[in-house]
Amino acid sequence: MKIASYKKNFKCLTLASTLFVAVAAGSVVAGEAQEVRVGFTPKFLKDDFQTLMLDLSKKAFKAKGFTLLGAPDPNGDVAAQVDALQNLIANGANAIVFAPIDAAGIVPVVRQANNQNVMVFSIDDVPSGGKVTSSIRADNVDAGSQAATEMVSRLQKNACWKKKSCTVLELQGGLTTPNGLDRSKGFSEKLRELGPDVKLIQRPTDWTADMAADAAQNVITQVPALNGIFMASELMVTAVNAQVSASGRGAPVGDPESIIRIAIDGTPQGLQLIRNKALDATISQPLNAYATKTAELIELVSKGEKIELGPREDGQVVETPVGPQYQLKATLVTSDNVDSPTLWANMLAK
């Protein structure tokens, strides 16, 4: 009896000690929601995407009852971003949210947060080390796949489809980046699946308009009957359109002589190009969902619950070397839905 009683008391003491350490370290006890104090940094506030992401994040955090301790602008300087997040942690943040300027450069503050049991949420990209509570990104493979599906749908209306002579140029993004690799993988694999007779020409651009324009000019010169161009980012479109027009192929969307042009991003400029019939379609990133999903996941984890892997209605959760990643579905935009108020580019004036 004494031995049994001793073991029972020891187990109780051990459990109590464990709970005390967990609470003292700032971790979450199952079933008990902690007060959420968020420190946030965008990459910079000199473009519409980052500015709107900050604004929507503030609204999403407020709706959940979180306290936003600060949202300083590092202005594209990763050292400033690290300093800002470290200061926010020192001031009591138990959750940090950031769009990493540099995947490697952000790692020191991620590891510091890990050591202090601070929740870590990375938006639109991921750190190369440490552990995130979750990263939240677009499903870029699916975005590329959607672009290929739309390309094939339009090629099927072209005379080249019946002749099995269609040729498509893919202007890839930076192939040293996850977004560039994923978008290219999604596009090329889906195009080969749906259009096995389509000739695919791939050219890297390192996310630069100049390289995209040069590649487009060279390929159009070599293949005057080029049928389609996929651009991994809308930042290439204006420069590529200039080359298309210079070649005499600048007919508006819908004209039989027009080169089909599809991109990814969903910027205000991209949507306007669709309205002007200078771009067939784009894939809009789920910017408005980044904020609401991040807030939802912070609330989930703060209550001691786990982010489960697997498919979701709005995307999927996958495991990565630095932790779970919530990949949100992007949206195909054409002339049919270009004015939808749910697209992030159309939310800027609100």
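# Close-up views

**Figure 1. Lys293 is buried, at 7% relative accessible area.** Buried means under 20% relative accessible area, exposed means over 50%, and partly exposed is in between (1.4 Å probe, protein chains only). This is a predicted model, in which local features need pLDDT of at least 70, side-chain atom pairs count only at pLDDT 80 or more, and totals for chains, interfaces and linings use all residues. Residues are numbered from 1 along each chain as its sequence is written, and side-chain values use heavy atoms, with hydrogens and water left out. Lys293 forms a salt bridge with Asp314 (a side-chain nitrogen of Lys or Arg within 4 Å of a carboxyl oxygen of Asp or Glu), with the closest N and O atoms 3.1 Å apart. Helices (H or I, at least four residues) and strands (E, at least two) are DSSP runs, numbered from the N terminus. Asp314 is partly exposed, at 28%.

**Figure 2. An open sheet contains six strands.** Their order is S7-S6-S8-S9-S10-S14, and the pairing is mixed. Strand S7 (199-204) and strand S14 (331-333) are the edge strands, each pairing on one side only. Two strands pair if DSSP finds at least two bridges between them. Strands of a sheet pair through backbone hydrogen bonds, either parallel or antiparallel. Strand S10 (residues 281-284) and S14 pair in the antiparallel sense over three bridges, and Thr282 has Val333 in S14 as its bridge partner. Helix H5 (residues 140-155) lies across strand S6 (167-172), strand S8 (228-231), strand S9 (260-265), S10 and S14, and runs at about 165° to S9. For such angles, axes are lines fitted to C-alpha atoms, for helices over the stretch in contact (heavy atoms within 4.5 Å), and the angles run from 0 to 180 degrees between N-to-C directions.

Figure 3. The whole structure has 12 salt bridges. One of them connects the side chains of Asp182 and Arg137 (4.0 Å, N to O). Arg137 is buried, at 3%. The side chains of Asp339 and Arg275 also meet in a salt bridge (2.8 Å, N to O). Asp339 is exposed, at 54%, whereas Arg275 is partly exposed, at 33%.

**Figure 4. Aromatic rings pair in this structure.** A search of the whole structure finds five aromatic pairs. Rings of Phe, Tyr and Trp (its six-membered ring) pair if their centres lie within 6.5 Å; planes under 30 degrees apart count as stacked, over 60 as edge-to-face and the rest as tilted. The rings of Phe49 and Trp344 have centres 5.3 Å apart and planes at 85°, so the pair is edge-to-face. Phe49 lies in helix H2 (residues 48-64) and Trp344 in the segment after S14, so the pair ties together parts that are 295 residues apart in sequence. Phe49 is buried, at 10%, and Trp344 is buried, at 2%. The rings of Phe187 and Phe230 have centres 4.2 Å apart and planes at 10°, so the pair is stacked.
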